[in-house]
Amino acid sequence: MMTSDTITGKHFSTRAWSAAVGLMLLAAGGCSDNATPAGQLATGPIPPEKATLTVWTFLPSNYEGGPEAYKGLLADFQAAYPQITVNLVDMPYGTYFDQVRNAVVAQNGPDVITMYGAAQAYSYKNGLFPLQDAIAKDLGGKLKFVDENYSVDGNLYIVPTGTYGYVMLVNQSIFAKAGIDPIKGMESWPAMLATCKALSQQGIQPMASGWKDGFLLETYLYMITSQLMDKPTLTKWVHGDLQLDDKLFAEAVDYIVQMKDAGCFGDDKALGRNMYDDTSNQYMSGGAAMVVSGTMGAARHASTQQPTTTVVPLPQVPSSAHKSLIDAGAEAGWSVTKWTKNPQAAVTFVNFLAGQKVQAKLWEEIGVPPNLGDFKPQTTDALQAAYLAQIMNPENHTGFAAFPLPVLAVVERNAVPLMGGTMT
């Protein structure tokens, strides 16, 4: 994902971008809260008549070699279903959700779209079919991170594919110069805070930081709230039964402030200077010992500039409900629009993208780990092995997609004053 991307993972930093766009959709997107019953989505064999599917996505250009990989997938689909022509539109992320919003309002546009689940998809529900009854039988039980992508109305608006996982990329050379073992220095929450203080005392910024857009605060919020949620709590959160005034969320913010007070993000003067995407440049130039990363491709790209890069998890906070969890979930998902004139073809294409052959091919060609429980990864180097060891942990989950968009907008707006110490 390295052509127009940052090492932290464009589709994770800019996930929060969709908060503002999606928030507008809450006002513009429709009048009814009544979900269309899943049974109204026509499924079954694709009719023999020739037809065209239009697909909107931002995924191919997120990866080096992504457009070519998806071109090959389309050729495979065309060979299997010659009566269907797929017109895939690879769109820039910055304007993507604006375009989706406009299509939902107009009830006209593509047949299939890339979308995030849970609260994110719920904001676009007036234009999306529920898909829980449309997932292919051979995928039943194989797809991971399905339950946490349901929306509060009880519908699954995406079929989740690919896997991301938030980790810390560590420049082992910087740690060595400081006389700190990166594994031991990050093995526990107290050890990490001590590491931040020790690095800072030697004039080294421990973690790349940029707060102006609020995305970094959101990222750490996802990582830590996932640690604090056991399975029942995560279920309540996804179902909308866990409120934002719960102490869990204040506790998560307190832990981030602990990191700030320990000097993990540099001095106060630097706290408001950068955007989230600037953190990659800071790490790549050797200006910080660590940076948050969400994808395998980001880790690989980092290692081209900082060859001693390795992967470690953010330590478990003292009140974590888990032993070794990282925030990990589906990379994204695929949705079918309510106005499609080719529903059988659209559903078939979505299931095709979620299938084992396609997900395995994307792993082999552009390094996206499949969202499949029976995936047996083949690693080619130490960095890849270290990352996969974290991302394949069965303890992992995420509550990211269940964060309501208005809440993310508030987090983004107040990140600088909070981290700068002018807001309690």
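Analyst: The answers below take the terms one by one. This is a predicted model, in which local features need pLDDT of at least 70 and side-chain atom pairs count only at pLDDT 80 or more, while totals for chains, interfaces and linings use all residues. Residues are numbered from 1 along each chain as its sequence is written, and side-chain values use heavy atoms, with hydrogens and water left out.

User: Why is the pair of Phe77 and Phe349 called edge-to-face?

Analyst: Rings of Phe, Tyr and Trp (its six-membered ring) pair if their centres lie within 6.5 Å; planes under 30 degrees apart count as stacked, over 60 as edge-to-face and the rest as tilted. The centres of Phe77 and Phe349 are 5.0 Å apart and their planes stand at 80 degrees, so the pair is edge-to-face. The structure holds 24 aromatic pairs.

User: What parts of the chain does the pair of Phe77 and Phe349 link?

Analyst: Phe77 belongs to helix 3 (residues 66-80) and Phe349 to helix 14 (residues 343-354), 272 residues apart, and the pair thus links distant parts of the chain. Helices (H or I, at least four residues) and strands (E, at least two) are DSSP runs, numbered from the N terminus. The protein has 17 helices and eight strands.

User: How do you know whether Phe77 is buried or exposed?

Analyst: Buried means under 20% relative accessible area, exposed over 50%, and partly exposed in between (1.4 Å probe, protein chains only). Phe77 has 0% relative accessibility and therefore counts as buried. Phe349, at 1%, also counts as buried. Buried residues make up 59% of the 424 residues in the protein.

User: What makes Phe249 and Phe403 an aromatic pair, and where in the chain do they lie?

Analyst: Their ring centres are 6.2 Å apart and their planes are at 80 degrees, an edge-to-face arrangement. Phe249 is in helix 11 (residues 247-261), and Phe403 is in the loop between helix 16 (382-391) and helix 17 (405-420), 154 residues apart. Phe249 counts as buried at 6% relative accessibility, and Phe403 does at 0%. Both rings are members of one aromatic cluster, which also includes Tyr93, Tyr116 and Trp237.

User: Where does the charged end of Lys125 sit?

Analyst: The criterion is that NZ of Lys or CZ of Arg is within 6 Å of the ring centre and within 35 degrees of the ring normal. The charged end of Lys125 sits over the ring of Tyr122, 4.4 Å from its centre.

User: Which residues touch the most other members of the largest nonpolar core?

Analyst: A nonpolar core is a set of buried Ala, Val, Leu, Ile, Met, Phe, Trp, Tyr and Cys residues joined through side-chain atoms within 4.5 Å. Of the 76 residues in the largest one, Met115 and Phe349 touch the most other members. Helix 14 supplies the largest share of this core, eight residues. Contact means heavy atoms within 4.5 Å; leaving aside neighbours within four places in sequence, Phe349 is in contact with Leu53, Val55, Leu74, Phe77, Val86 and Val112. Another core, of 58 residues, lies apart from the largest one, and Tyr166 and Leu242 are among its members.

User: Why is the disulfide of Cys196 and Cys264 called right-handed?

Analyst: A disulfide is a pair of cysteine sulfur atoms within 2.5 Å, and the S to S distance between Cys196 and Cys264 is 2.1 Å. The torsion about their S-S bond is about 100 degrees, so the disulfide is right-handed. Cys196 lies in helix 8 (residues 189-201) and Cys264 in the loop between helix 11 and helix 12 (278-284), 68 residues apart. Both cysteines are buried.
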